[in-house]
Amino acid sequence: MPKSIVEQVSMLNPDALMADGYDRAMKGIAYRDGKAVILYSSDKCIEQLMEDQGWSHEDALDWFCYNTECAYVGENTPIFEWEDIE
């Protein structure tokens, strides 16, 4: 059975942090300054907030950008990736 993203990152960097409440938005592994961290889809995070909290897209986007995306807590902080906008 394939290992989960959290298990894989934990083997590479036991100090890697997770973003609470965004389990369904994990995409994979990214690297910051040579350290493995969890990669999240920003779009999926917003979708998850809309589903879990019942918020509009605008409210979820505002909350995510202010409270999650901008929260840097050191080199083990997850990375949030935005999809390409055409």
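Helix H1 lies across strands E1 and E2, running at about 15 degrees to E1. For that angle, axes are lines fitted to C-alpha atoms, for helices over the stretch in contact, and angles run from 0 to 180 degrees between N-to-C directions. Helices (H or I, at least four residues) and strands (E, at least two) are DSSP runs, numbered from the N terminus. This is a predicted model, in which local features need pLDDT of at least 70 and side-chain atom pairs count only at pLDDT 80 or more, while totals for chains, interfaces and linings use all residues. Residues are numbered from 1 along each chain as its sequence is written, and side-chain values use heavy atoms, with hydrogens and water left out.

**The sheet**

Let's start with the strands. They make an open sheet of three in the order E1-E2-E3, with mixed pairing. E1 and E3 stand at the edges with a single partner strand each, so one side of each has no neighbour in the sheet. From one strand to the next, the twist averages 35 degrees. Two strands count as paired if DSSP finds at least two bridges between them.

E1 (residues 26-32) pairs with E2 in the antiparallel sense over six bridges, and Arg32 stands opposite Lys35 in E2. As for E2 itself (residues 35-41), six of its seven residues are buried, so the strand is largely enclosed by the rest of the structure. Buried means under 20% relative accessible area, exposed over 50%, and partly exposed in between (1.4 Å probe, protein chains only).

**The turn**

E1 and E2 form a hairpin with two residues between them. Asp33 lies in the loop between these strands and has a phi near 50 degrees, a positive value in a residue other than glycine. Most residues other than glycine have a negative phi. With a relative accessible area of 71%, Asp33 is exposed.

What does Ser42 touch, not counting residues up to four places away in sequence? Ser42 touches Phe64, Phe80, Glu81 and Trp82, where contact means heavy atoms within 4.5 Å. Ser42 has its place in helix H2 (residues 42-53) and is buried, at a relative accessible area of 0%.

Helix H3 (residues 57-69) holds Thr68, which counts as buried at 8% relative accessibility. Leaving aside neighbours within four places in sequence, Thr68 is in contact with Tyr22, Trp63 and Phe80. Glu69 is also found in H3, but counts as partly exposed at 30% relative accessibility. With neighbours within four places set aside again, Glu69 is in contact with Phe64, Phe80 and Trp82. The C-alpha atoms of Glu69 and Asp33 are separated by 18 Å, with the two residues 36 apart along the chain.

**Salt bridges**

The structure holds five salt bridges, each defined as a side-chain nitrogen of Lys or Arg within 4 Å of a carboxyl oxygen of Asp or Glu.

| Pair | N to O distance |
|---|---|
| Arg24 and Glu51 | 3.2 Å |
| Arg24 and Asp52 | 2.9 Å |
| Lys27 and Glu83 | 3.4 Å |

Arg24 forms a salt bridge with Asp52. Arg24 lies in the loop between H1 and E1 and Asp52 in helix H2, so the pair ties together parts that are 28 residues apart in sequence. Arg24, Glu51 and Asp52 are linked in a network of salt bridges.

Lys27 and Glu83 meet through their side chains. Lys27 lies in strand E1 and Glu83 in the segment after E3, so this pair ties together parts 56 residues apart in sequence. Lys27 is partly exposed, with a relative accessible area of 40%, and Glu83 is partly exposed with a value of 40%.

**A nonpolar patch**

Finally, the surface. Met11, Leu12 and Tyr31 make a nonpolar surface patch of about 370 Å², and Leu12 is found in helix H1 (residues 5-12). Patches are made of residues with over 30% relative accessible area and no salt bridge, with like charges joined within 9 Å and nonpolar side chains (Val, Leu, Ile, Met, Phe, Trp, Tyr) within 5 Å. Accessible areas come from the Shrake-Rupley method with a 1.4 Å probe, and for residues only the protein chains shown count as cover.
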